[in-house]
Amino acid sequence: MTKEAQTLLLQVARDSIASAFHKGTGEPLRVARMDKALTVVGPGAFVTLHEHGRLRGCIGYLVGAGNPLCDLVSLLAKESAFKDWRFPPLEEKELEDCTIEISVLTVPKPIRSLEAFLPGRDGIILTALGRRAVFLPQVATEQGWGRQEMLENLSRKAGLLPDGYLDPGARYETFQAEVFGEQR
């Protein structure tokens with residue numbers, strides 16, 4: 001994706017959140033809808049908000065669910081700001097202190113062995129014992145985790161014991177992401 005397309009998607013995300021406070025113009029989304037690269041249907045995406053360097057919201061879809069990428073980013077930006085159950089809804093005064101990061105995903109693919117999973121390069125999806133959890137590729141690097149520590153935390157995120165990823169019925173999928181964000 002070009003730097004210009006990345007910049008436009010970041011503008012779409014910020015403007016979409018601002019629109020909830022009656023400050024957005026809708027112009028970035030209108031412009032993005034004219035860019036073929038941003039109207040592609042299919043890729044999954046996540047929008048992550050950080051406030052003063054700390055996670056403030058993160059919502060995404062592993063696959064695009066039939067939405068053009070620019071529309072998906074617009075939707076996910078609002079959901080990250082206002083519907084991430086881990087945080088209270090974003091207040092207008094907080095928006096200026098937030099930076100936005102977007103992850104555009106490849107299609108998840110099953111792996112047979114955890115040896116195929118490379119922390120920092122791959123995102124991972126764990127499905128085990130009726131539970132499911134996902135970590136984006138950048139989580140391992142941001143947290144300083146190796147493979148085992150990431151898998152133990154993924155198990156916890158799924159509501160399992162730390163070694164839940166070792167369940168014989170556990171299934172894994174990996175994906176990569178093009179990650180870009182605002183610089184402040």
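In strand S5, Gly123, Ile125 and Thr127 point one way, while Ile124, Leu126 and Ala128 point the other way, and all are buried. S5 is thus mostly covered, with six of its six residues buried. Please bear in mind that this is a predicted model.

What does S5 pair with? One partner is strand S7, residues 171-175; S5, residues 123-128, pairs with S7 in the antiparallel sense over five bridges. Glycine 123 has phenylalanine 175 as its bridge partner in S7, and isoleucine 125 stands opposite glutamate 173 in S7.

S5 also pairs with S6, again in the antiparallel sense and over five bridges. Here threonine 127 has arginine 132 in S6 as its bridge partner. The hairpin of S5 and S6 has two residues between the strands, and in that hairpin leucine 129 takes a positive phi near 50 degrees.

Now the whole sheet. It is open, has four strands in the order S4-S7-S5-S6, and its pairing is antiparallel. S4, at 109-111, and S6, at 131-135, are the edge strands; each has a single partner strand, so one side of each is left without a neighbour in the sheet. From one strand to the next, the twist averages 25 degrees. Helix H6, residues 147-157, lies across S5 and S6, and runs at about 135 degrees to S6.

Next, aspartate 122. Where does aspartate 122 sit? Its place is in the loop between S4 and S5. Is aspartate 122 buried or exposed? Its relative accessibility is 0%, so aspartate 122 counts as buried.

What does the side chain of aspartate 122 meet? A polar atom of that side chain lies 2.9 Å from the backbone nitrogen of leucine 118. The side chain of aspartate 122 also makes a polar contact, at 2.6 Å, with the side chain of glutamine 176. Leaving aside neighbours within four places in sequence, the residues in contact with aspartate 122 are Ala116, Phe117, Pro137, Thr174, Phe175 and Gln176.

Let me move to the aromatic rings. The count comes to two aromatic pairs. One of them is formed by phenylalanine 21 and phenylalanine 82, which are edge-to-face, with 5.7 Å centre to centre and 70 degrees between the planes. This pair links distant parts of the chain, 61 residues apart: phenylalanine 21 is in the loop between helix H1 (3-19) and helix H2 (27-32), and phenylalanine 82 is in helix H3, residues 69-82.

Phenylalanine 21 has 16% relative accessibility and so counts as buried, the cut-off being under 20%. Phenylalanine 82 has a relative accessible area of 24%, so it is partly exposed.

That leaves H3. Its 14 residues should span 20 Å at 1.5 Å a residue, and its end C-alpha atoms are 20 Å apart, which agrees. H3 is mostly covered, since ten of its 14 residues are buried. Among them are Leu69, Cys70, Leu72, Val73 and Leu76. Glu79 is also on the buried list of H3. What do the buried residues of H3 pack against? They pack against H1 and H2, and against strands S1 (41-51), S2 (54-68) and S3 (98-105).

I will stop there and take questions.

Notes
Residues numbered from 1 in each chain as written. Predicted model: local features only at pLDDT ≥ 70, side-chain atom pairs only at ≥ 80, totals over all residues. Heavy atoms only, no water. Pairing = 2+ DSSP bridges. Axes fitted to C-alpha atoms, helices over the stretch in contact; angles between N-to-C directions. Contact = heavy atoms within 4.5 Å. Phe/Tyr/Trp six-rings, centres within 6.5 Å; stacked < 30°, edge-to-face > 60°. Buried < 20%, exposed > 50% of the residue type's maximum accessible area, 1.4 Å probe, protein only. Expected span 1.5 Å × (residues − 1). Polar contact = N/O pair within 3.5 Å; in protein donor to acceptor, adjacent residues only side chain to side chain.
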